Amino acid sequence: MARRRKGLPINGVLLLDKPKGVSSNHALQRARRLFQARKAGHTGTLDPMATGLLPVCLGEATKFSAHLLEADKVYRTRIQFGAVTDTGDAEGEVVERRPLPEMLDRDAVEAVLERFRGEIEQVPPMYSALKHQGRKLYELARQGETVTRAPRRVTIYDMRPLEWESDGVWLQVRCSKGTYIRTLAEDIGAALGFGAHITALERLETGPFDSETRLSFETLEAMSDEERLAQLLPVDVMLEHLPTLSVTETVAQRLLLGQRALIADTELAPGTTARLYRDKSFLGLVELTAQGEVTPRRLVDTTASNA
């Protein structure tokens with residue numbers, strides 16, 4: 001007898017306000033239990049110290065979460081000058097302290113910030129979830145091991161001071177995927193000669209989502225089941241950057257069976273990935289071929305619902 005799958009077929013995207021002190025996976029599992037969802041996944045890890053926007057995908061939305069992993073992000077962070085920690089943030093051990101001037105030279109800091117705007121190279125930190133020979137780097141770091149990490153190219157689209165303090169600065173950073181804000185702070189501190197680490201980190205935006213509609217666990221737990229379900233965004237909300245393709249019932253049925261279908265009239269170029277709709281119902285992603293055919297790529301389970 002097949003094992004009965006636990007949970008309900010809940011589908012959609014929750015914009016969660018992750019609290020400080022919990023891992024992204026812990027927050028994900030707490031959200032999944034709150035909705036009693038069968039399946040859940042998040043769209044980009046936040047460190048336990050970090051807070052802010054964590055989109056959580058439930059049910060069929062998990063099939064498309066990779067599109068947010070590729071998205072640009074916006075963070076608000078506080079850089080503390082004068083101390084270097086082994087993790088790059090306030091949760092680590094201080095490994096070096098350096099004297100600071102009596103008054104921070106804002107012009108000097110601004111000049112260094114300018115050097116880090118645009119495309120830069122970063123060496124991923126040891127305290128990260130990247131893997132080396134099958135093991136996560138932070139596991140090796142906790143055992144006192146250090147391995148060579150290849151630098152990666154990332155882009156800092158915008159970085160501007162929000163508030164100056166005697167020993168630090170609050171920054172807002174818009175950056176590409178794969179950017180480590182802890183590493184950015186360390187590199188800025190090294191360039192200034194002070195050393196630095198971050199003491200606060202909040203994600204404000206990821207892809208098309210901002211912080212205005214994010215929900216805390218306290219708010220969600222105070223709602224009824226129906227009210228919570230009403231907070232979920234539709235599955236295709238993560239894919240609005242892709243073009244759409246509407247098809248007839250006959251074509252939709254062929255595609256849902258995994259078969260190719262010929263489209264007589266479309267302005268989409270061969271090789272285009274598009275959102276597929278029947279009437280106004282989202283069916284998944286398809287790709288157009290050079291032969292004028294449509295090939296199913298990733299389809300949703302049309303029998304699943306939030307009922």
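**Aromatic pairs, charges over rings and a loop glycine**

The structure, a predicted model, holds 3 aromatic pairs; rings of Phe, Tyr and Trp (its six-membered ring) pair if their centres lie within 6.5 Å, with planes under 30 degrees apart counted as stacked, over 60 as edge-to-face and the rest as tilted. The centres of the Phe-81 and Phe-194 rings lie 5.8 Å apart and their planes meet at 70°, so this pair is edge-to-face. The pair links distant parts of the chain, 113 residues apart: Phe-81 belongs to strand β4 (residues 73-81), while Phe-194 falls in the loop between α5 (181-192) and β12 (196-206). Here helices (H or I, at least four residues) and strands (E, at least two) are DSSP runs, numbered from the N terminus. Elsewhere, ring pairs join Phe-64, Tyr-277 and Phe-282 into a cluster.

Charged groups also meet rings. The charged end of Arg-30 sits over the ring of Phe-217, 4.0 Å from its centre, and that of Arg-76 sits over the ring of Trp-170, 4.1 Å from its centre. The criterion asks for NZ of Lys or CZ of Arg within 6 Å of the ring centre and within 35 degrees of the ring normal.

Turning to a glycine, Gly-271 lies in the loop between β14 (261-262) and β15 (273-278). Its relative accessibility is 47%, so Gly-271 counts as partly exposed. Leaving aside neighbours within four places in sequence, Gly-271 is in contact (heavy atoms within 4.5 Å) with Glu-287 and Leu-288.

Residues are numbered from 1 along each chain as its sequence is written, and side-chain values use heavy atoms, without hydrogens and water. In this predicted model, local features need pLDDT of at least 70 and side-chain atom pairs count only at pLDDT 80 or more, whereas totals for chains, interfaces and linings use all residues.

How values were computed
Buried < 20%, exposed > 50% of the residue type's maximum accessible area, 1.4 Å probe, protein only.
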